[in-house]
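Colleague: Please give me a close look at one part of this model, the surroundings of the ligands. Keep it simple, and start with the terms I need.

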Amino acid sequence: MSPQPDLRIDIERLLARLIELSDIGGIDGTTGCSRLAFTDADKAGRDLVVTWMTDLGLDITIDGIGNVVGVWRPESMPAGARDLAPVMTGSHIDTVATGGRYDGNLGVLAGIEVIETLATAGFVPARPLAVAFFSNEEGARFAPDMMGSLVYVGGMGLEQAHRTDGIDGAVVGDELDRIGYLGPSPCPGLVPHAFVELHIEQGPVLAEEGLDIGVVESVQGISWTEVTIEGQSNHAGTTPMRLRHDAGYVAAAVATFVRALADELGHPQVGTVGMIDLHPNLVNVVAATATITVDLRNTDNEILTRAEKRLQAELDRLAPAEGVTISTRSLARFDPVVFDAGVVELVESAARAAGATTMRMPSGAGHDAQMMSRICPTAMIFTPSHKGISHNPAEHTDPEHLAMGADTLLRVMTTLAGDRQTAS
Ligand code: HGY
Ligand code: MN
Ligand code: MN
């Protein structure tokens with residue numbers, strides 16, 4: 001039975017949940033929140049979302065990395081249909097330390113909203129619908145990013161994930177156990193019929209173009225490297241410049257190099273030194289050691305690989321020149337991903353049917369969908385980000401765009417489930 005063609009989600013209910021969730025780990029004076037993976041705040045957010053899933057009557061599973069999947073298979077469905085692979089949506093509810101209200105949270109809560117809208121309308125899906133939140137999508141505390149969905153699709157072993165050390169010395173397995181989300185469900189997880197993720201763009205394109213929905217065709221490649229520089233601490237006043245082995249200077253030199261490299265390679269190459277940790281980090285001591293992170297991304301894997309080689313060559317040059325030792329550790333490396341053309345087309349037609357203006361685009365950010373595309377037909381829906389701001393408590397998306405995104409998601413999911421012939 002097709003849902004009423006003009007069935008729309010309840011934007012007030014979605015907004016209320018977005019606000020309630022972002023109040024957990026809320027950042028004073030902003031609409032943002034801080035819920036690093038597997039912290040107490042993450043646990044509190046998880047518990048709230050699991051409550052909403054339970055209240056909706058979803059069949060809930062929690063796996064060994066803490067991924068939570070809620071499947072809607074109403075009693076009214078024919079027996080055979082209830083066992084079919086679900087159409088799945090979802091995203092993440094962990095955030096960076098300066099997180100916004102919408103990054104990840106929108107995709108999970110819009111999935112719940114879509115199912116609640118359909119259930120309230122008495123809709124009987126032709127196959128089950130599911131909504132998931134994947135653990136540790138951000139990777140900010142425990143690298144790599146998209147860890148939960150990577151384990152879900154079999155791209156990372158569960159034991160390896162459990163042994164991962166965080167930037168604060170914590171260990172994934174211990175933290176999962178501590179917050180009560182070391183679940184029994186097996187990894188790799190259930191293979192969906194298809195997966196579609198609603199997410200904010202987190203960049204400036206849709207806002208600058210004045211468009212409503214991004215039809216995401218691909219996700220760019222990601223390379224994260226931890227660089228450790230070992231110099232020699234010394235007196236800032238008495239040590240002549242010629243005798244210094246200054247880890248702080250080398251860290252700054254690498255950061256400057258990364259910026260120049262991105263400028264030289266040109267758009268869409270990006271390069272970021274987001275973390276610089278000096279020791280002893282004191283005003284009158286030449287730094288003994290520096291640990292920094294380098295985030296390089298490009299839609300073209302060949303250019304991204306070239307950028308990685310240029311970085312290594314610069315480290316090889318700096319070490320002898322400054323009399324320091326430099327070691328590196330890869331924190332994440334994901335090739336660019338191209339989404340399923342059929343699901344991309346469906347997103348485009350569904351968005352237009354929902355009254356949105358659209359454009360096709362790549363994703364600059366990493367997402368769980370890039371992992372899910374390894375196991376089933378997958379695509380993404382973007383909503384605009386105000387001024388392109390994200391990973392910042394000021395992150396904002398207008399309610400009408402949130403509604404357009406969720407209405408598009410509803411149409412895509414019911415069409416993928418076989419309940420509509422077309423999304424229009
Ligand atoms: O790093 C990313 O692109 C995502 O926010 N995890
Ligand atoms: Mn995200
Ligand atoms: Mn993010």
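Modeller: Helices (H or I, at least four residues) and strands (E, at least two) are DSSP runs, and both are numbered from the N terminus. This is a predicted model, so local features need pLDDT of at least 70 and side-chain atom pairs count only at pLDDT 80 or more, while totals for chains, interfaces and linings use all residues. Residues are numbered from 1 along each chain as its sequence is written, chains are lettered from A and ligands numbered from 1 in the order in which they are written, and side-chain values use heavy atoms, with hydrogens and water left out.

Begin with the setting. The protein chain holds 13 helices and 15 strands. Its radius of gyration is 23 Å, close to the 22 Å that the globule rule gives for 424 residues, so the chain is as compact as a globular protein of that length. That radius is taken over C-alpha atoms, and the globule rule is 2.2 Å times the number of residues to the power 0.38. Along the principal axes, the C-alpha trace spans about 80 × 45 × 40 Å. Of the 424 residues, 56% are buried. Buried means under 20% relative accessible area, exposed means over 50%, and partly exposed is in between (1.4 Å probe, protein chains only).

Now go to the manganese ion called ligand 2. Which residues coordinate this ion? They are His92 (NE2), Asp103 (OD) and His199 (NE2), at 2.1 to 2.3 Å. Donors are N, O and S atoms within 2.8 Å of the metal (3.2 Å for Na, K and Ca), and water is not among the atoms, so sites may look incomplete. Along the chain, the donors of ligand 2 follow the spacing H-x10-D-x95-H. Distant parts of the chain are linked here: Asp103 sits in the loop between S3 and H4, His199 in strand S5 (residues 194-200), and they are 96 residues apart. Asp103 counts as buried because its relative accessible area is 5%. His199 is also buried, at 0% relative accessibility.

Next comes the other manganese ion, ligand 3. The two manganese ions are 3.5 Å apart, and Asp103 coordinates both. Look at where Asp103 and Glu138 sit. Asp103 is in the loop between strand S3 (87-91) and helix H4 (105-120), whereas Glu138 is in the loop between strand S4 (129-133) and helix H5 (147-152), 35 residues apart. Both Asp103 and Glu138 are buried.

What surrounds ligand 1? The shell is made of Glu137, Glu138, Asp145, Trp224, Arg297, Ala365, Gly366 and His391. A residue is near a molecule or strand if one of its heavy atoms lies within 4 Å of it. The shell divides into 2 nonpolar, 2 polar and 4 charged residues. Ala, Val, Leu, Ile, Met, Phe, Trp, Tyr, Cys and Pro count as nonpolar, Asp, Glu, Lys and Arg as charged, and the others, Gly among them, as polar.

From Glu138, a polar side-chain atom lies 2.9 Å from an oxygen atom of ligand 1. From Gly366, a backbone N or O atom lies 2.7 Å from an oxygen atom of ligand 1. From His391, an N or O atom of the side chain is 3.3 Å from an oxygen atom of ligand 1. Taken alone, ligand 1 exposes 210 Å², and the protein buries 94% of that. Such areas come from the Shrake-Rupley method with a 1.4 Å probe; for residues, only the protein chains shown count as cover.

One more residue belongs in this picture. Asn136 lies in the loop between S4 and H5, and Glu138 is in that loop too. Most residues other than glycine have a negative phi. Asn136, not a glycine, has a positive phi of about 50 degrees. Asn136 is buried, because its relative accessible area is 1%.

Methods. Polar contact = N/O pair within 3.5 Å; in protein donor to acceptor, adjacent residues only side chain to side chain.
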